Amino acid sequence: MRSKPLYYTKRGQAYVGDSLELMAELPDNSVDLVMTSPPFALRRQKTYGNVGETEYVDWIKLFGKEVFRVLKETGSFVLDLGGAYRSGVPSRSLYNFRVLLAFCDEIGFHLAEDFYWFNPAKLPSPIEWVNKRKIRAKDSVNTVWWFSKTAFPKADVRKVLAPYSDRMKKLIEDPESFYKPKKRPSGHDISAGFGKNNGGAIPANLLSIPNTDSNSSYLRLCEELGLQRHPARFPAELPAFFIKMLTDEKDIVLDIFAGSNTTGFSAEALNRKWLSFELDQQYLAASVIRFLEGYSVEEIREILFKLQINQSNFELGKIYCSFEPVKATKQRRQHIIQPSLFSTEDDFIGKNNSKNVQQGASPDDNSATLHCRR
Ligand SMILES: C[S@@+](CC[C@H](N)C(=O)[O-])C[C@H]1O[C@@H](n2cnc3c(N)ncnc32)[C@H](O)[C@@H]1O
């Protein structure tokens with residue numbers, strides 16, 4: 001890419017800018033997965049800047065067309081869209097369904113599958129219809145459209161198997177006392193293999209993930225450092241589900257509305273390459289703390305200061321990225337040096353740029369080097 005990232009890790013790069021302009025720097029057919037959550041067409045203005053609902057579909061189509069171009073034939077585009085009410089009335093906006101139709105009918109995407117993200121921790125809203133008048137139920141489901149460029153995108157649900165139910169566990173232990181192999185009226189052939197332990201159940205397209213990361217180091221550090229936390233983050237488990245199902249290790253994952261870079265963080269932990277584009281430099285600068293588990297608050301403060309005033313030109317030796325609280329202190333201390341990914345077009349399309357490769361990198365280690373731009 002021509003632009004310089006604000007920061008980069010062993011596996012990914014985070015860029016400040018309009019993602020339409022940044023995507024224009026990417027080659028055709030180069031990205032495996034675009035996972036994103038755009039500003040929603042909500043009635044109330046949010047601090048991250050919404051676009052009016054009426055213009056929303058036209059606006060987001062511009063991004064959809066670019067995503068279609070940069071996706072590989074086997075690639076997927078996962079778009080998380082929150083629901084909304086129309087202004088002043090208890091009737092729902094249809095914007096998320098209009099986006100779905102426009103993307104398929106006008107851009108040429110396939111709807112590989114519609115997913116629904118259920119957030120049981122969501123607070124009741126809108127207050128007028130739900131809390132005060134009590135004439136609508138709590139809205140706690142986002143539509144998550146899984147688009148693909150062709151009818152057969154790369155996908156493997158075996159990578160995201162759900163835990164078996166207690167009943168299924170018992171069935172696996174003792175299949176004969178639970179069922180007799182036969183064809184059901186529904187047409188399902190319940191054969192003897194039904195009781196086989198496959199390590200988990202095929203996941204449903206309803207993902208129940210509470211958005212409660214109140215203990216996360218991102219929030220803790222935002223608080224400690226007096227940073228504005230991003231107001232519309234999704235939980236890391238959401239991108240992680242699609243990254244696992246739709247990509248292989250070392251594939252390229254792009255988030256075009258990166259916010260606090262939850263997608264990049266998930267991709268790093270899952271050993272995928274990643275690119276994150278975000279318009280707001282403050283949000284993207286703050287997102288670096290996701291990768292700085294194990295640094296002192298003073299060190300982080302200094303890094304953030306430099307990222308925010310665009311004067312940094314230094315390299316840090318340790319990034320630790322994990323969904324779990326950091327346990328491996330020893331591993332954190334290990335100095336891992338790895339150059340930028342995709343720093344030139346050649347790098348991006350996977351050719352080895354040997355002058356960038358330094359000794360000492362461990363491709364399987366969870367640690368990585370962080371670089372910040374001048
Ligand atoms: C819903 S938030 C994404 C939050 C993100 N998923 C997270 O977990 O932090 C949408 C983001 O899109 C950014 N944005 C809006 N227009 C943009 C554009 N044209 N290019 C890049 N980013 C944009 C906003 O600044 C906002 O941070």
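Start by selecting Thr36 and Leu79: Thr36 stands opposite Leu79, which sits in strand S4. Before moving on, some housekeeping. Numbering runs from 1 along each chain as its sequence is written. The model is predicted, so local features need pLDDT of at least 70 and side-chain atom pairs count only at pLDDT 80 or more, while totals for chains, interfaces and linings use all residues.

**The strands**

Now select residues 31-36, strand S3, and residues 71-81, strand S4: the two pair in the parallel sense over five bridges. Strands here are DSSP runs of E with at least two residues, helices are runs of H or I with at least four, and both are numbered from the N terminus. Two strands pair if DSSP finds at least two bridges between them.

Pick Val34 and look across to S10: the bridge partner is Leu254.

How many of the six residues of S3 are buried? Six of six, so to say, and the strand is mostly covered. Buried means 20 or more other C-beta atoms within 10 Å of a residue's own, exposed means 12 or fewer, and partly exposed is in between, with C-beta atoms placed from the backbone.

**The core**

Next, select Leu33, Val34, Ile243 and Val288. Of the 76 residues in the largest nonpolar core, these four touch the most other members. Such a core is a set of buried Ala, Val, Leu, Ile, Met, Phe, Trp, Tyr and Cys residues joined through C-beta atoms within 7 Å.

Zoom in on Val288: leaving aside residues up to four places away in sequence, Val288 touches Tyr7, Ile303, Leu304 and Leu307.

**The ligand**

Show the ligand and the 19 residues that surround it; the closest are Arg233, Phe257, Gly259, Ser260 and Thr262. The cut-off is a C-beta atom, placed from the backbone, within 6 Å of the molecule.

Jump to Ser125 and Pro126, joined by a cis peptide bond with omega at about 0 degrees. Pro126 is in the loop between strand S5 (110-118) and helix H4 (127-132).

Asn29 comes next: not a glycine, yet phi is positive at about 50 degrees. Asn29 lies in the loop between helix H1 (19-23) and S3, and counts as partly exposed because it has 14 C-beta neighbours inside 10 Å.

Finish at Asn271, also not a glycine, with a positive phi of about 60 degrees. Look for Asn271 in the loop between helix H8 (262-269) and strand S11 (273-278).

Note on methods:
Contact = placed C-beta atoms within 7 Å.
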